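Please look over the model shown here. The report below walks through its parts one at a time.

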Amino acid sequence: MKIIKPLDINLNKILGIKEEDVEENKTLTEMLNKIKSAEKIALFTHESPDGDAIGSTIAMYLTLKQIGKEPEMYIPEYSRLFAFLPSSDKIKKSLSEDVYDLAISLDCSDLKRLEGKEYFENANETIVIDHHGTNTMFGDINYVDQVAPACAQVLISILQYFKIEITKDIGTCLLSGIMTDTGGFQYQGVTPETFEFAAELLRKGIDVPDIATKILQTRTKPNFELSKKVVDRIELLANGRIAFSYINSKDEEEAKAEPGDHEGLVDIGRSIEGVEVSIFIRQKDEENSYKVSMRSTNEINVSDICYLFGGGGHPRAAGCLIKGTLEQVKNKIIAETEKAL
Ligand code: AMP
Ligand code: MN
Ligand code: MN
């Protein structure tokens, strides 16, 4: 049997909280009570799950196991790059029950984007844990920290409140979530606690550089093939302040792309000198529909732009789905971006 040792991490110290100052947080007390009284629990996250989505879901799974529960994680498709995460072998592609006592959503801003929304809606009680500014508060209990750089960082304070021991496995999952959403501590939103948590994990013997290599420095071969097309097609618009590129279904077929193989392609445009907004669009399975990914460097709130099309996200990273041909979608999103510049 695998023994998972607690890492003896003083979360209060990391969060800058003195033991005597820990006030009762009604939302978290209620959350813990609901967890304790539930028998059948299922965990959900957003479609096209990234490292924060998967890392947060597994960290919650391991937390619930410590509380004595046997939850199920529902993630039907994800990139094989995340298979290194501990307990990823417990992830299910289909669930065993129709109705759960409790459903918990992690890293998802709205019901529309939730993978397994039918189960979530059917559950007797629901909890939403997230960090999106555009969260619609679709749970019975909503614990949303809009300024946290990752859902995994929101979980740190929840774990602290629940007095959960951070194990090597939980630490690995949380750090993977944080590294994904902060681009390796690079993006705005990282806080001193983000570094302190990483430092503490390093001190406790977690192989932080190894996680960084797996999360940030590794791409699948199909992703590499797709990136060549993205680079080749980049157009610089609005005096070089907008970078636009795309891939269609045929490109993905040719590259033998699997779920998640498009991750990170939007960052290529943003890395070009002078670019403020990078727009990357990707044809969805349904014809005439494109998934838009946007990233900005300094000023433009891309979440506001995506919100106009029914999407959302964060000020520097957002997405939406737009119907139309490549040209139509491109023109629509560029027009709104130019207005914002
Ligand atoms: P992506 O470009 O898909 O990596 O998404 C960037 C950020 O925007 C992530 O935090 C997503 O959760 C969020 N996001 C992407 N698409 C949508 C959407 N259609 N609605 C709301 N949020 C989205
Ligand atoms: Mn995510
Ligand atoms: Mn996230």
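In which strand does Arg295 lie? Arg295 lies in strand E10. Helices (H or I, at least four residues) and strands (E, at least two) are DSSP runs, numbered from the N terminus. Arg295 is buried, at a relative accessible area of 19%. Buried means under 20% relative accessible area, exposed means over 50%, and partly exposed is in between (1.4 Å probe, protein chains only). Among the residues that Arg295 touches are Val266, Asp267, Glu276 and Arg316, leaving aside residues up to four places away in sequence. Contact means heavy atoms within 4.5 Å.

This is a predicted model, in which local features need pLDDT of at least 70, side-chain atom pairs count only at pLDDT 80 or more, and totals for chains, interfaces and linings use all residues. Residues are numbered from 1 along each chain as its sequence is written, chains are lettered from A and ligands numbered from 1 in the order in which they are written, and side-chain values use heavy atoms, with hydrogens and water left out.

**The sheet**

Now turn to the strands. An open sheet has 6 strands in the order E3-E2-E1-E4-E5-E6, with parallel pairing. Its edge strands are E3 (91-92) and E6 (141-144), and each pairs on one side only. Two strands pair if DSSP finds at least two bridges between them. Strand E2 (residues 72-74) pairs with E3 in the parallel sense over 2 bridges. There, Met73 stands opposite Ile91 in E3. Strands of a sheet pair through backbone hydrogen bonds, either parallel or antiparallel.

Helices lie across these strands. Helix H2 (residues 26-37) lies across E1 (41-45), E4 (102-106), E5 (125-130) and E6, and runs at about 125° to E6. Helix H3 (residues 51-66) lies across E1, E2, E3, E4 and E5, at about 165° to E1. Axes are lines fitted to C-alpha atoms, for helices over the stretch in contact, and angles run from 0 to 180 degrees between N-to-C directions.

**The manganese ions**

Which residues coordinate the manganese ion (ligand 3)? Asp52 (OD), Asp107 (OD), His131 (NE2) and Asp181 (OD) do so, at 2.1 to 2.3 Å. Along the chain, these donors follow the spacing D-x54-D-x23-H-x49-D. Asp107 bridges this ion and the manganese ion (ligand 2), and the two ions lie 3.5 Å apart. Asp107 lies in the loop between E4 and helix H4 (117-122), while Asp181 lies in helix H6 (residues 168-182), so the pair ties together parts that are 74 residues apart in sequence. Asp107 and Asp181 are both buried.

The manganese ion (ligand 2) is coordinated by His46 (NE2), Asp50 (OD), Asp50 (OD) and Asp107 (OD), at 2.2 to 2.7 Å. Its donor residues are spaced H-x3-D-x56-D in sequence. His46 and Asp50 are both buried. Donors are N, O and S atoms within 2.8 Å of the metal (3.2 Å for Na, K and Ca); water is not among the atoms, so sites may look incomplete.

**A helix pair**

H6 also packs against another helix. The axes of H6 and helix H7 (residues 192-203) come within 11 Å and cross at roughly 145°. Gly171, Leu174, Leu175 and Ile178 of H6 make the contact with Thr194, Phe197, Ala198 and Leu201 of H7.

**Salt bridges**

A salt bridge is a side-chain nitrogen of Lys or Arg within 4 Å of a carboxyl oxygen of Asp or Glu. By this rule the count is 20 salt bridges.

| Pair | N to O distance |
|---|---|
| Lys229 and Asp251 | 3.6 Å |
| Glu299 and Arg241 | 3.4 Å |
| Lys339 and Glu336 | 3.0 Å |

Lys339 and Glu336 are 3 residues apart in helix H13 (residues 326-340), separated by about one helical turn. Lys339 is exposed, at 63% relative accessibility. Salt bridges that share partners join Lys229, Arg233, Lys250, Asp251 and Glu254 into one network.

Is Asp251 buried or exposed? Asp251 is buried, at 5% relative accessibility. Lys229 is partly exposed, with a relative accessible area of 25%. Glu299 counts as exposed at 52%, and Arg241 is partly exposed at 28%.
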